[in-house]
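Dear colleague,

I am handing over the structure that we spoke about, and below it you will find what came out of going through it. Please open it and keep it in view while you read.

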Amino acid sequence: MNKRILNLAVPNIISNITVPLLSMVDMSLVGHLETNSKLHIGAISLGTMIFNFIYWGFSFLRMGTSGFTAQAYGKNNHRESMLTLSRAVAVAIGGALLLIILQRPIAQLAFLLLEGSPEVETLARQYYFIRIWAAPATIGLYALTGWFIGMQNARIPMILAIVVNLLNIGFNVLLIRYFGMESDGVALGTVIAQYCGIILGIFLFFRYHRNLLKYWSYRAMVELKALRLFFSVNKDIFLRTICLIFVMSFFTAQSADIGNTTLAVNSVQLQFFMFFSFVMDGFAYAAEALTGRYMGQGSRKRFHRAVALLFRWGTGFALLFTAAYVLLGDQILLLLTDNEDVLGASNQYIYWVYSIPLITFAAFLWDGIYIGATASRGMRNAMLISTLVIFLPGYYLLVGPLGNHGLWLAFMLFQASRGLLQTLLSRHAVFKKLH
């Protein structure tokens, strides 16, 4: 069982690590332009923020597809595996087309909410209107990635992520260094790389799973009961994701309200949260695949053992990261910034960084377990309570007397309550489904 967990977790961790590498290269490329480098950095930051909101909102498709597919795999139900993929792809195509059709209203709303100088906004709009055409490929890859994970295959999503990100880097270098493009070259490079990725994903599906096509049926794909369940689970995951986006955005916005230095400090220290999330997401993906598989098989013993071992691995890595942050936190901060004001102000908040791994790891793991069990309602309820009852009241009660410490405390209470509530709800929401 430990080997299965690692076989699923490690490739996903490697996939996650390629994401910040791409961002670093993009910033380096436009950061070394001879003219207006600051403007192009700002344009990419604004444009990327818009697409993070859009695509993070569509992440429900990857998670929902993973859970349904894993359960079908556990039942050895090839027909349902194929139908799950076809439903996910149909939703991906429909959602992507809607984004393209509504691209101008979306842009108007986004740039109304996001502030930037006229020069930066002009470049960011150019970036946005190029990159939006990658939507079908990007969202389609969510569906394919979730399906491959559900099929207990983490290697293909790893290959897709590495190839897409390396191609993205290559195209960006080519377009900026050799074709004289600027931030628009970053956008176009992303579009080309995403379509290369979806083509590769389709090729790998036909290479390894072509035999499943014989189980496809349009009538079965649009069967009303199955569609209701598919959309019900994905609706719950979507609401959960919206809450998470809100909390992260609110945290950043309130950091800015406190002051520019606080915004810089919190942005840098949130990178420690992101570093840890790269690892825990890998184990969450393993949880989706394994718990969904054993739920499909109806194997209580294997399901419970998988959950127990996942929490052992999660606890171990949480302790490891805590030790690393305590021992190396100052050195990591120096890698992230050399600004003396930010470094000086970070000293009084570094203790929150130390608490991140042990407080947050349970929420990551439970998310994967709930998704694998398609227990989306319980996950949604835990997130709504954590957001509306814990985080927001906590912020308004604590930030006055405690300032930025109050903001961090509210954020940590939010993360802790997610893990605690999902633990309390798991008996009814997750384990009862095995009876």
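With 435 residues, a compact globule would have a radius of gyration near 22 Å, and the protein agrees with this because its own value is 22 Å (taken over C-alpha atoms, with the globule rule being 2.2 Å times the number of residues to the power 0.38). Please keep in mind that this is a predicted model, in which local features need pLDDT of at least 70 and side-chain atom pairs count only at pLDDT 80 or more, while totals for chains, interfaces and linings use all residues. Residues are numbered from 1 along each chain as its sequence is written, and side-chain values use heavy atoms, with hydrogens and water left out.

Along the principal axes, the C-alpha atoms fill a box of roughly 55 × 50 × 35 Å. The protein has 17 helices and 0 strands, where helices (H or I, at least four residues) and strands (E, at least two) are DSSP runs, numbered from the N terminus.

Of the 435 residues, 55% are buried, a word that stands for under 20% relative accessible area, whereas exposed stands for over 50% and partly exposed for what lies in between (1.4 Å probe, protein chains only).

Helix H5, residues 103-113, shows both sides of this: Gln 103, Ala 107, Ala 110 and Phe 111 are buried. Seen down the axis of H5, these buried residues fall within an arc of 90 degrees (of the directions from the helix axis to the C-beta atoms), so they line one face of the helix. The face of H5 turned away from them carries the exposed residues Gln 108, Leu 112 and Leu 113.
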